[in-house]
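The sequence and the structure are shown first, and the description follows.

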Amino acid sequence: MRKILLFLFSFTFLAVTAVSFNACKSKAKIAKTITAKQKKNMNAIYKELKERVAEAKIELEDDKVKLTLPEALLFQVYSTEINPEYLPTLQKIAHIVNKYPKTSILIMGYTDTTGTEDLNKKLSWGRAESVKKALIENDTKTRRL
């Protein structure tokens with residue numbers, strides 16, 4: 001299984017929560033909460049990330065931009081410490097999303113299936129926290145993460 005790190009950018013935390021954790025809300029109801037300006041900004045984030053972060057998979061899904069990084073580039077096996085060579089990529093991402101201060105960012109860390117379930121849960125959490133810290137160090141506001 002490939003290791004990845006995933007970011008979701010959204011204009012409303014409620015929308016991210018509803019899509020991710022609440023199956024009762026339909027995408028149509030969530031989409032109605034997005035204004036034309038927010039949609040335009042989301043498209044701009046998508047386009048700029050697509051152009052400037054070539055090593056990532058970037059997808060536009062309704063009210064979200066989904067950015068998936070190959071986790072193997074970010075971390076060594078069984079580590080939550082970001083590879084220093086990858087910090088410029090996180091700086092680029094922070095620079096782009098900081099242009100759009102009304103977006104919320106959901107960071108999800110993943111691991112492969114090697115190791116115990118408990119270890120992988122801790123690694124996933126620690127990796128997401130490491131990326132959060134790197135974004136904060138690049139002037140992304142904590143309340144957005």
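Helices (H or I, at least four residues) and strands (E, at least two) are taken here as DSSP runs, numbered from the N terminus. The model is a predicted one, in which local features need pLDDT of at least 70 and side-chain atom pairs count only at pLDDT 80 or more, whereas totals for chains, interfaces and linings use all residues. Residues are numbered from 1 along each chain as its sequence is written, and side-chain values use heavy atoms, with hydrogens and water left out.

## Overall architecture

The protein contains six helices and four strands. Read from the N terminus, these elements follow the order β-α-α-α-β-β-α-α-β-α. A residue is called buried under 20% relative accessible area, exposed over 50%, and partly exposed in between (1.4 Å probe, protein chains only). By this scale, 43% of the 145 residues of the protein are buried.

Two residues are in contact when heavy atoms lie within 4.5 Å. Of the contacts between residues at least 6 apart in sequence, 68% join residues at least 24 apart. Accessible areas come from the Shrake-Rupley method with a 1.4 Å probe, and for residues only the protein chains shown count as cover. The accessible surface of the protein is about 8,400 Å², and carbon and sulfur atoms account for 57% of that surface.

## The nonpolar core

A nonpolar core is a set of buried Ala, Val, Leu, Ile, Met, Phe, Trp, Tyr and Cys residues joined through side-chain atoms within 4.5 Å. The largest such core has 25 residues, and those that touch the most other members are Leu 49, Leu 69, Ile 82, Leu 90 and Ile 93. Two or more residues of this core come from each of helix 3 (36-52), strand 3 (64-70), helix 5 (87-98), strand 4 (104-109) and helix 6. Helix 5 gives the most to this core, namely five residues.

## Helix 6

Helix 6 covers residues 117-137. The expected span of a helix is 1.5 Å times one less than its number of residues. Beyond helix 6 comes Asp 139, whose phi is positive, near 70 degrees.

Which residues of helix 6 are buried? They are Asn 120, Leu 123, Ser 124, Gly 126, Arg 127, Ala 128, Ser 130, Val 131, Ala 134 and Leu 135. Asn 120, which lies in helix 6, counts as buried because its relative accessibility is 9%. With its neighbours within four places in sequence set aside, Asn 120 is in contact with Thr 111, Asp 112, Thr 113, Thr 114 and Gly 115.

Leu 119 also belongs to helix 6, and its relative accessibility of 34% makes Leu 119 partly exposed. Together with Val 77 and Tyr 78, Leu 119 makes a nonpolar surface patch of about 280 Å². Patches are made of residues with over 30% relative accessible area and no salt bridge; like charges are joined within 9 Å, and nonpolar side chains (Val, Leu, Ile, Met, Phe, Trp, Tyr) within 5 Å.

## Salt bridges

A salt bridge is a side-chain nitrogen of Lys or Arg within 4 Å of a carboxyl oxygen of Asp or Glu. The structure holds six of these pairs, including those in the table.

| Pair | N to O distance |
|---|---|
| Arg 52 and Glu 48 | 3.5 Å |
| Asp 118 and Lys 122 | 3.3 Å |
| Glu 137 and Lys 133 | 3.9 Å |

In helix 6, Asp 118 and Lys 122 are four residues apart, about one turn of the helix. Asp 118 is partly exposed because its relative accessibility is 47%, while Lys 122, at 55%, is exposed. Glu 137 and Lys 133 are likewise four residues apart in helix 6, so about one helical turn separates them. Both Glu 137 and Lys 133 are exposed.

Salt bridges that share partners also join Glu 48, Arg 52 and Lys 99 into one network. Within helix 3, Arg 52 and Glu 48 are four residues apart and therefore separated by about one helical turn. Are these two residues buried, exposed or partly exposed? Arg 52 is partly exposed, with a relative accessible area of 34%, whereas Glu 48 is buried, at 13%.

Lys 99 sits in the loop between helix 5 and strand 4. Its relative accessibility of 44% makes Lys 99 partly exposed. Lys 99 and Thr 140 are 41 residues apart along the chain, and their C-alpha atoms are separated by 9.8 Å.
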